[in-house]
Amino acid sequence: MAAAVLDFDLERGSDAEGLDRYDHALVLVRFRGRPVHQVVLPVVDGRVSVEEIRRSVLEAGGWVLWDRWLEAFLELETPARAPIQPATVAVCTRDRPDDLRRCLDALAVFARDGHEVLVVDNVPSTDESRQIVQASGFARYVREDRPGESAARNRALREASHDIVAFSDDDAMPDPGWLPALLRNFNDPLVLCVTGLTMPYELETEAQRWFERYSPFGRGFMRTVFDGGDVNPLLASRAGASANMAVRRAVLDLIGPFNEALGCGTRSRTGSDYEFFVRILAAGYRIVYDPAALSWHRHRRTWTELRQVLRGYGTGVYAAWTHLLFAGREFIVPKLALSWLLHTQLPNLLRSLLRRPGSFPLDLILAELRGCLAGPWAYVMARRALRRLEVIS
Amino acid sequence: MNRNLPAVSIVIPTHNRCEALRRTLDALARQTVPAEAMEVIVVADGCTDGTTTWLREHRPPYRLRCVELPGSGPAAARNAGAAAATGEILLFLDDDIEPAPGLVAAHLRSHEGSVDVVAIGPCPPFLPGRQDFWRVLVRRWWFDLFTAMAEPGHRFTYRDVLTGNLSLRRTLFQRIGGFDPTFPDPSHEDWEFGIRLLKADARLTCVPDAVAWHHDRTDLDRSYRRSRQDGKGDVLIGRLHPELRPALPLAARGPAPRPVENAVRALAFRVPAAGDALARLARRALDVLEWLRLRRAWRKLNGTTRRYWYWRGVADALGSQAELDRFLAHGSGAEGTESALDIDLRLGLAEAERRLDVERPAGVRVWYGDVLIGHIPPVPGAERLHGRHLRPFLARHLGVPLLNAMAIEALATSTRATVGELATAGRGGPLDAPLFVAESDLSRGIHDLEVPRGYGAARVLVRVRGRPLGWMTIPSRRDRKISAAELRKAISEQFGPGGWPALLGRTDDNEAGAARREGFCPPITVVVCTRDRTEMLAGCLRTLLDLDYPEYEVIVVDNAPSDERTARLAAELGVRYVREDVPGLDRARNRGIRAARYEIVAFTDDDARVDAGWLREIAAAFADPEVMAVTGFVAPLELDTEAQRLFELVYGGMSHGARQRTFRRGEMRNAQLLWASAMGCGANMAFRKRVFDALGGFDVALDVGTLAGGGGDIEMLHRIVVSGHAVAYRPAALVWHRHRPTLPALRRQLFDNGRSFGIYLITCFRKGTVPRHAILRFALQDWFARWIVRRLVRPGAFPRGLVVAEMAGAILSPLFYLGAQWDQRRRRAPEPAALGARPEATAPATVARASRPSRHATSAR
């Protein structure tokens, strides 16, 4: 059965009712608007009670909630400390009009606050996206004809009118507090990129629930600073994903643009954000993961799409590693690949083959492994395609 | 701004850096402040590269003057520049920085309306081009320095005073006495200046808008030379200000042995030639590591090399390690001797901040009411505390103790706040000395605790509105008193985290339900079964007659008594008296049930004392119609003897924790169903009478006073849960029980526990209450192997002899079972003569052994 996704405030929340379709619920718990916890609870008689949620949150303990409480008690967060500068919100899209419409609805609140909303349409096959953007009345439309999300993002960075550019995927719906929460973290001049918490928008289908279990976007509820001077840059995937992030436009000068041979829309399928994060950290700058910047992402609904996505992850990671190993002289890559294989992939595979309880479906694991194998060659092909494109233009 | 007098004099010392100076002066020409308000004084200190000639020809929009010195060092140069200045405000800039257009204006703004401000602007390094590891490191160091300074709660130290971009009033500069020209190299004369500024209580502030990019040409080799100068400079500072010696990096001694650090220091002091060679080798190795992208190794090696050069500088200045030890030994913590200020956060944060702003202490003791939360320590070389330091410090360092203290207060004062996840601090405690048992209810206020003579420590049951939070052991001092403040501190440390949910200020249950439960007070029958222990029974009955409950009756069931004293006692106290002549606790209980007038029947033992709110809590649990039985918390009445402490603190006593639970079949595995002793025990339990109609009474085959040796209570609880009813465990329903005082009695009790639990399992097996294979597995695996044999192998603090007694009981239990069966068949014979025929055969130690009445039965509470 499907799972409900609930958004619950610890102080003002009330019982969630009418959940008869669901047998359990994923509850995002907030305190004073900030996400502090998530719990999975059974749905009893179509409802999830306030007491139940509170009890499980308080029993789970966790410092995040109390840190927030203390912060509120000490009135540490003075909102007017640094007036928020206007920023640009960029959405890169490609032939997903329904998702784009929903995303723009969520972004309208930022446009009202004086931020710029930019939609980059990547090699569109129809005119629908342009019409949606024009109908919205507040967003600016840019068409990018070089394929790939990296190309679209680089275009957005060049087109943006403000110093900080926040990126949202077209299948994500940012929370109203999303942009201010991202922008707050740029007070530190060494922070080049801020990522946020991405929660599932719905868990209606089997595929969506497995995605959330297998490779969730969320990275916990603790704000974390990743400093290139302290951590191994290659572990940048812990910092989050590009579905929910903001970068300083100065990155173009400081570390260069997104790698256009990686990412969605190329042969490498993904990996562009990972490689970008690695470069930020390797250059000694910082990435902040701030769960206060909340966005809801609609995961792929069908099993086929899910398999494609996971295969894409495998390909993207290996493509990025190929690049980092040969172009970046990061000799730790083989070690990382081996430890991923030995500590995660093989045990998962084994558990799945033995049908141990709680193991992942075999075809998902195999899809990811197939993707990994294809990664290096895919990267070579993507580079070749890119060069050909450059020659033509 | 004064029309004629320049408001600001900018002093720039320079030494053979004409190109850099030109960039600085050009940038000053682009300031937002009008040029006539500025005066720039360049102090050319021993310049031989034509700087002075160029300056004479240079015609900037502002007034430019040049002072020439023969090479006297930066401190003397700045002093000379300041002496030549006419402006009210002095702004010191380095010659290699590029001020942003708003810099001068930002500095001037920060001095508006105050005379003792020292404004520090950030001068981050300008590092274009390739980002090698060294540049990454140095950039981070600079940026972090200024980011930290810009934080509102930053506590400035002399190490924040950098003269590359700093302004202050000329009067303040003169009062301080300028820079100390005895500092030879450009090393730390600014820090030394900062120390005197802070001693004069100048107000250091960071001006984030006054940005100046630092065109630093430093590289790794240069930075090592700088580290060596740092070492020398630190010694100089320590010589001038001995009170800072303990805070200098050269005094830092980690808690753990640091072999690398020690080796590096020894090299620098003893064999510098070898050390220098190694350091140069390390410098080469760093390049290799960088090429290999081995970041962590690079960072470590770089850190070690840097430390070496630092110590080399220290060695230059001090000569030998013996000298270093002498140097450090003579440093005094002058500021530490100052008495710290006490602030009480309970009076409000704003009040605490106001006091800090008024009193400006070096250090603070932070209290919440009478609980000491912690200290803000005095830091040598740091500014005195301001109100703005308080909140960030609390958040960063004292969050947990503050939350604890507030949570305890919230628990004590709220009428029905959530108790949430409770700290069940139960097990463990000192075994070697008698423990005084006491209780402390937060809602009734925490009071001083008198500990009688002969006890080294008190074991305190901490409660909130009657509900136990848990136990804590607290030593008493010589005056045999534990003060309320000490108690409160210990309570807040131990139970604070469990009480944090109370801070959220919403109730655990919905209000209506709680009110309904509190108003639910049906009449209750209390049954006490006894046998020949009249003194002990008297103590029990007295607490029973004193209950806070509207309507209840007390029945004493006298089980095969040998005299009439119990009957007389019952008559004297006016409680109902029933006699059961067949020996056996379960028979007596069943007799009590038959005699009970009311629908709810509560049981306690004759060696127990009940809490005043006992029946109220039991009734509240019965407000839920599916609950058929209620059990409660059993606390030790005394812990005077070793046997009692062993039983309570190591074996686990009769307590079942502070967490409220409800047992239902659907939510339990078979093993949990069988482990019925986890649900409660006979000293503190209550039932609806109709559950006995449906399921039958206590099983007389499992009787204390028969061969079975007890277990009727847990078998009853097991039967109730298995047949689909709920059993509620309510820790707030509390009974104090006097444990067996002697080791032989304890051994006997554990033997009985072993055999009665075995017989209970056999009974379950016979009746098939849960699948039989589950019982078999439970008996062998969970009970025998994990509970008994494991403790035999690894006994911990529990004597093996006692485990052996329990194991013997367990092994012999099948025999006893057969014996009990046979016995019961004989007993069914109706002849009363048979009863009289063998009164001794079944007299069990646990009931028949008369004990002295407890010495501290009531004094403890």
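## Helix burial and packing

In H7(B), the buried residues are B:Glu189, B:Asp190, B:Trp191, B:Glu192, B:Phe193, B:Gly194, B:Ile195, B:Leu197 and B:Leu198, where buried means that 20 or more other C-beta atoms, placed from the backbone, lie within 10 Å of the residue's own. This is a predicted model, in which local features need pLDDT of at least 70 and side-chain atom pairs count only at pLDDT 80 or more, while totals for chains, interfaces and linings use all residues. Residues are numbered from 1 along each chain as its sequence is written, and chains are lettered from A and ligands numbered from 1 in the order in which they are written.

Helices (H or I, at least four residues) and strands (E, at least two) are DSSP runs, numbered from the N terminus. H7(B) spans residues 189–199 and is mostly covered, with 9 of its 11 residues buried.

| Element of chain B | Residues |
|---|---|
| helix H3 | 74–84 |
| strand E6 | 117–120 |
| helix H6 | 170–176 |
| helix H8 | 220–240 |

The axes of H26(B) and H27(B), lines fitted to C-alpha atoms over the stretch in contact, with angles from 0 to 180 degrees between N-to-C directions, come within 9 Å and cross at roughly 165°. The two helices are therefore roughly antiparallel to each other, a term for angles over 145 degrees.

Between the chains, 22 residues of chain A are in contact with 24 residues of chain B, and H2(A) gives the most to the side of chain A that touches chain B, with 4 residues.

Key:
Parallel < 35°, antiparallel > 145°, perpendicular 65-115°, else oblique. Contact = placed C-beta atoms within 7 Å. Buried ≥ 20, exposed ≤ 12 C-beta atoms within 10 Å, placed from the backbone.
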